[in-house]
Amino acid sequence: MQGSGFIAIARTMINMVFGKSSGKTSPQLTYSENGRCGYIYYQERFKEIPFYYEFGGGDCQLCISIPAIEKWEKETNTPLSRRDEILNFIGKTVIKDKYSFGRRYEIADNWINIY
């Protein structure tokens with residue numbers, strides 16, 4: 001995800017200036033799609049965290065890249081204590097936003113896999 005930090009900062013500043021996310025306290029996701037891959041942006045208040053994704057194969061529908069535990073705080077500027085909360089929100093929300101019923105997600109080492 002090198003270089004994505006600058007993109008996230010720029011998007012957050014644009015959203016703050018134009019009022020898109022200012023004052024919002026509940027988290028939300030936005031999507032930037034580019035064929036079979038793209039970014040999912042976790043947004044809350046004045047924070048935006050980009051997560052790269054790509055379509056999976058076999059039973060896995062979508063693979064969302066997440067920073068390893070030891071890199072979480074540095075790459076997301078978010079306390080490690082919030083990692084599970086954020087990742088579970090992403091898994092549940094992606095299924096709700098992009099799929100019909102019958103899907104599930106698993107959080108594995110550096111991925112959230114949607115089945």
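1. Let's start inside the sheet: S65 has W111 of β6 as its bridge partner. The two strands concerned, β4 (residues 62–65) and β6 (residues 111–114), run antiparallel and are joined by four bridges. For the terms: strands (E, at least two residues) and helices (H or I, at least four) are DSSP runs, numbered from the N terminus, and two strands pair if DSSP finds at least two bridges between them.

2. A word on what you are looking at. This is a predicted model, in which local features need pLDDT of at least 70 and side-chain atom pairs count only at pLDDT 80 or more, while totals for chains, interfaces and linings use all residues. Residues are numbered from 1 along each chain as its sequence is written, and side-chain values use heavy atoms, with hydrogens and water left out.

3. Now the overall layout. The protein has three helices and six strands, and along the sequence they follow the pattern α-β-β-β-β-α-α-β-β. Of the 115 residues, 37% are buried; buried means under 20% relative accessible area, exposed means over 50%, and partly exposed lies in between (1.4 Å probe, protein chains only).

4. Seven bridges join β1 to β2, and the two run antiparallel. Y31 stands opposite I40 in β2. The two strands make a hairpin with two residues between them, and G35 in the turn has a positive phi of about 70 degrees.

5. Next, the charged pairs. A search of the whole structure finds four salt bridges, a salt bridge being a side-chain nitrogen of Lys or Arg within 4 Å of a carboxyl oxygen of Asp or Glu. One of them joins the side chains of E44 and R82 at 2.7 Å, N to O. That pair links distant parts of the chain, with E44 in strand β2 and R82 in the loop between α2 (72–76) and α3, 38 residues apart. Are E44 and R82 buried or exposed? Both E44 and R82 are buried.

6. R82 has another partner: its side chain meets that of E85 in a salt bridge at 3.1 Å, N to O. E85 has a relative accessible area of 47%, so it counts as partly exposed. Elsewhere, R104 forms a salt bridge with E106, with the closest N and O atoms 2.6 Å apart. R104 is partly exposed at 44% relative accessibility, and E106 is partly exposed at 38%. Shared partners join E44, R82 and E85 into one network of salt bridges.

7. What about the cysteines? The structure holds zero disulfides, a disulfide here being a pair of cysteine sulfur atoms within 2.5 Å. C63 is in no disulfide, and the nearest cysteine sulfur, that of C60, is 3.3 Å away. C63 counts as buried because its relative accessibility is 15%, whereas C37, at 22%, counts as partly exposed.

8. Finally, E54 brings both C37 and C63 back into view. E54 sits in strand β3 and is partly exposed, with a relative accessible area of 31%. Leaving aside residues up to four places away in sequence, E54 touches R36, C37, L62 and C63. E54 and C37 are 17 residues apart in sequence, with their C-alpha atoms 4.1 Å apart in space.

Terms used. Contact = heavy atoms within 4.5 Å.
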